[in-house]
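Let's take a walk through this structure together. Have the sequence and the 3D view open as you read.

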Amino acid sequence: MNFWEKVTGSDLTRDWKAFGARVEALPDDYREAWDQIVAHLFPYGDFTGRNLTPILDSALGLLEVSVADGQSVHEVLGDDIQGFCTALAGGAGARTHRDRWREQLNRNVARKLSRLGG
Amino acid sequence: MDDLTEMLKGTLEGCVLEIIGSEETYGYAITRQLNELGFADVIEGTVYTILLRLERNGLVQVTKRPSGVGPPRKFYALNDAGREELAKFWAKWRYLSSRINRLKEGGR
């Protein structure tokens, strides 16, 4: 990613377009699963969502390979798409909004406590 | 056997390491092998997230190979760190299973 892409987000637009084209090629039930994956991964995104790109790319890769194997989407992902996404995001080291809120809260409490103590 | 998932959780990573250790292989084949072994509930998504974790922890060597149909596949083989981790897994397993068996036999 160069400076221009970083400022304009043009690389993100390009990545999403590429994803869209790949998703179009998937069967209906797989496309539905993809939408769910995107929805469940969204909270793991940082401000721009750029950290999600590699995670989504690997998830889409799995779907594509599975279609080629002739598997049903249920055989691949089961019922727990949310759990799959948590494992996926956790595995890639993505941090969630919740983690950041928690840290912020901890920091604020610590500051207030130290003020009280001082 | 039903409802093995919870018990399997902690050991599945070791099982996957063992399978990769015997020959270089890919996600779908690993899932099939586990299913044939009797772990019918194991799905590809689960194996896939384990493989990602092994990759991130630097335990496997990953090679992308073109497949007959569809996109290229990732093939996994153990590296030295992976073999070390596998040996540790079996040591832990021996410890755990011997203790549980002892418990079942009445603490002898």
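Some ground rules come first. This is a predicted model, in which local features need pLDDT of at least 70 and side-chain atom pairs count only at pLDDT 80 or more, while totals for chains, interfaces and linings use all residues. Residues are numbered from 1 along each chain as its sequence is written, chains are lettered from A and ligands numbered from 1 in the order in which they are written, and side-chain values use heavy atoms, with hydrogens and water left out.

Let's begin with chain A. (Helices are DSSP runs of H or I with at least four residues, strands are runs of E with at least two, and both are numbered from the N terminus.) Chain A has 118 residues, and 37% of them count as buried. Buried here means under 20% relative accessible area, exposed means over 50%, and partly exposed is in between, with a 1.4 Å probe and protein chains only. Now for contacts, meaning heavy atoms within 4.5 Å. Take the contacts in chain A with a separation of 6 or more: residues 24 or more positions apart account for 71% of them.

Is Thr53(A) buried or exposed? With a relative accessible area of 15%, Thr53(A) is buried. Its neighbours, leaving out residues up to four places away in sequence, are Leu12(A), Asp15(A) and Phe19(A). The side chain of Thr53(A) also reaches the backbone oxygen of Arg50(A), at 3.0 Å.

Next, turn to the place where the two chains meet. Here 19 residues of chain A are in contact with 14 residues of chain B. About 1,300 Å² is buried between chain A and chain B, and carbon and sulfur atoms give 61% of that. (Buried area is the accessible area, with a 1.4 Å probe, that two parts lose on being put together, summed over both.) Between chain A and chain B there are also six residue pairs in polar contact, both at pLDDT 80 or more. A polar contact is a pair of N or O atoms within 3.5 Å; within protein, one must be able to donate a hydrogen and the other to accept it, and residues adjacent in sequence count only if both atoms are side-chain atoms.

Which parts of chain A touch chain B? Helices α4 (52–68), α5 (73–77) and α6 (81–91) of chain A each supply at least two residues to that side. The largest share, seven residues, comes from α4(A).

From chain B, look at Thr49(B), which sits in helix α3 (residues 44–56). Thr49(B) touches Phe84(A), Ala87(A) and Leu88(A), not counting residues up to four places away in sequence. At 8% relative accessibility, Thr49(B) counts as buried.

Now for the salt bridges, each a side-chain nitrogen of Lys or Arg within 4 Å of a carboxyl oxygen of Asp or Glu. How many are there over all chains? The structure holds eleven, and the count between chain A and chain B is two. Asp69(A) and Arg73(B) form a salt bridge, with their closest N and O atoms 2.4 Å apart.

Other salt bridges stay inside one chain. In chain A, Arg31(A) and Asp28(A) pair up at 2.7 Å, N to O; both lie in helix α3 (residues 28–41), three residues apart, about one turn of the helix. Arg31(A) is partly exposed, at 26%, whereas Asp28(A) is exposed, at 56%. Arg22(A), Asp57(A) and Glu64(A) are linked in a network of salt bridges.

In chain B, Arg65(B) forms a salt bridge with Glu24(B), with the closest N and O atoms 3.0 Å apart. Arg65(B) lies in strand β2 (residues 60–65) and Glu24(B) in the loop between α1 (5–22) and β1 (25–26), so the pair ties together parts that are 41 residues apart in sequence. Arg65(B) is partly exposed, at 33%, and Glu24(B) is partly exposed, at 31%.
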